[in-house]
Amino acid sequence: MTEQPDLVIRPMMHDDLQRTLDWAAAEGWNPGLADAGVFRATDPGGFLTAFVGEEPAAAISVVRYGETFGFLGLYIAAPAFRGKGIGWRLWQAGMTHQGGRRVGLDGVPAQQDNYRKSGFEFAWRNVRYEGLARADMPLDPRLQRIGQGILPSVLAYDRPCFGAPRDDFVTRWVRGEGRIGYALIDEGELRGYGVIRPCRQGHKIGPLFADDPETAELIFRALASEVKGETVALDPPEPNDEALELAERFDLSPVFETARMYRGPAPELPVGRIFGVTTFELG
């Protein structure tokens, strides 16, 4: 491994971000068509690119959520620049951006040992399930499209499920740019919510948070019905057996997995309410 003396690391510009998403697509990742803009708006300084001279070499996202938590993703190097120490220097810059925050990531299992060397510890597996959407819209008046009126309740429900406040992110995430969100309101109380959005291939549901499996299934059906006949993916955490059963009940099959890891103590999340995480690719 050789160091690059002419390495420059700087925040991503728009063109840098689009190039990085193309790199990710070439590796078989499948970010949502409008995902990156929402993450970047949450923390514009959290998207970094490394250049060797004038050549883009590597990228990382290290989005900060408030003063105590951050999430790392989109960590990738161009093939010609792998094995040269560039990714490590970019990683260090990203960790500097996070300061002393607890940091989470979803990494491929083969890289767990490398992440441990940087202070990350395994928490659980997330498993991506994928298949054709076959669900019909439930005839349940408690289901509502997410709009401005119930947004405060959605924000409050999201915080403990994610482990940190991310109000600006969720406000952008639940509506617009092809995304559709549904919530279930029972006797004036929000019992769960979910979002579906288009990706380069098919659609993804995430997050999907709910009080119980029955609520999660109703929200899943509402979301999947919006793209019936098309490919849909859901990313449940393995500790939630009922989330895995939900995916399998709708004929989705596991296609790959990631290791959820944290630098710092793992947050005490209500995993039983997490039926689908937000996304693998960006954090």
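Let's start with the surface. The accessible surface of the protein chain comes to about 12,100 Å². Carbon and sulfur atoms hold 49% of that area. One caution before we go on: this is a predicted model.

Now the overall build. The protein chain has eight helices and 13 strands. Its C-alpha trace spans about 60 × 35 × 35 Å along the principal axes. What radius of gyration would a compact globule of 283 residues have? The rule gives a value near 19 Å, and the protein chain has 19 Å, so the two agree.

How much of the chain is buried? Of the 283 residues, 55% count as buried. Next, contacts. Take those with a separation of 6 or more: 75% of them join residues 24 or more positions apart.

Charges next. There are 31 positive side chains and 40 negative ones. The centres of the two sets lie 4 Å apart.

Let's zoom in on one strand, β2. It covers residues 47-52. Six of its six residues are buried, so β2 is largely enclosed by the rest of the structure. Which residues sit on each side of β2? On one side are Phe 47, Thr 49 and Phe 51. On the other are Leu 48, Ala 50 and Val 52. All of these are buried, and both faces are covered.

Who are the partners of β2? One is strand β1, residues 7-11. β1 and β2 run antiparallel, with five bridges. Val 8 has Phe 51 of β2 as its bridge partner. Another partner is strand β3, residues 55-65. That pairing is antiparallel too, over six bridges. In β3, Pro 56 stands opposite Phe 51.

β2 and β3 form a hairpin, with two residues between the strands. There, Gly 53 takes a positive phi near 65°.

Now two arginines. Find Arg 166 in the loop between α5 (151-162) and α6 (167-173). Is Arg 166 buried or exposed? Its relative accessible area is 4%, and the cut-off for buried is under 20%, so Arg 166 is buried. What does Arg 166 touch? Leave out residues up to four places away in sequence, and the list is Tyr 65, Asp 158, Tyr 193, Pro 207, Phe 209 and Thr 278.

Then go to Arg 134, in the loop between β6 (120-132) and β7 (143-145). Is Arg 134 buried or exposed? Its relative accessible area is 54%, and exposed means over 50%, so Arg 134 is exposed. Leaving aside neighbours within four places in sequence, Arg 134 is in contact with Lys 228 and Asp 251. For a sense of distance, take Leu 190. Arg 134 and Leu 190 are 56 residues apart along the chain, and their C-alpha atoms are separated by 26 Å.

Last stop: strand β11, residues 231-234. Four bridges join β11 to β6, and these two run antiparallel. Gly 131 stands opposite Val 232 in β11. Strand β10, residues 203-210, also pairs with β11. Here the sense is parallel, over three bridges. Lys 204 stands opposite Ala 233 in β11.

Notes
Residues numbered from 1 in each chain as written. Predicted model: local features only at pLDDT ≥ 70, side-chain atom pairs only at ≥ 80, totals over all residues. Heavy atoms only, no water. Rg over C-alpha atoms; globule rule 2.2 N^0.38 Å. Buried < 20%, exposed > 50% of the residue type's maximum accessible area, 1.4 Å probe, protein only. Contact = heavy atoms within 4.5 Å. Areas by Shrake-Rupley, 256 points an atom, 1.4 Å probe, with all protein chains shown as cover. Lys, Arg positive; Asp, Glu negative; His and termini not counted. Charge placed at Lys NZ, Arg CZ, Asp CG, Glu CD. Pairing = 2+ DSSP bridges.
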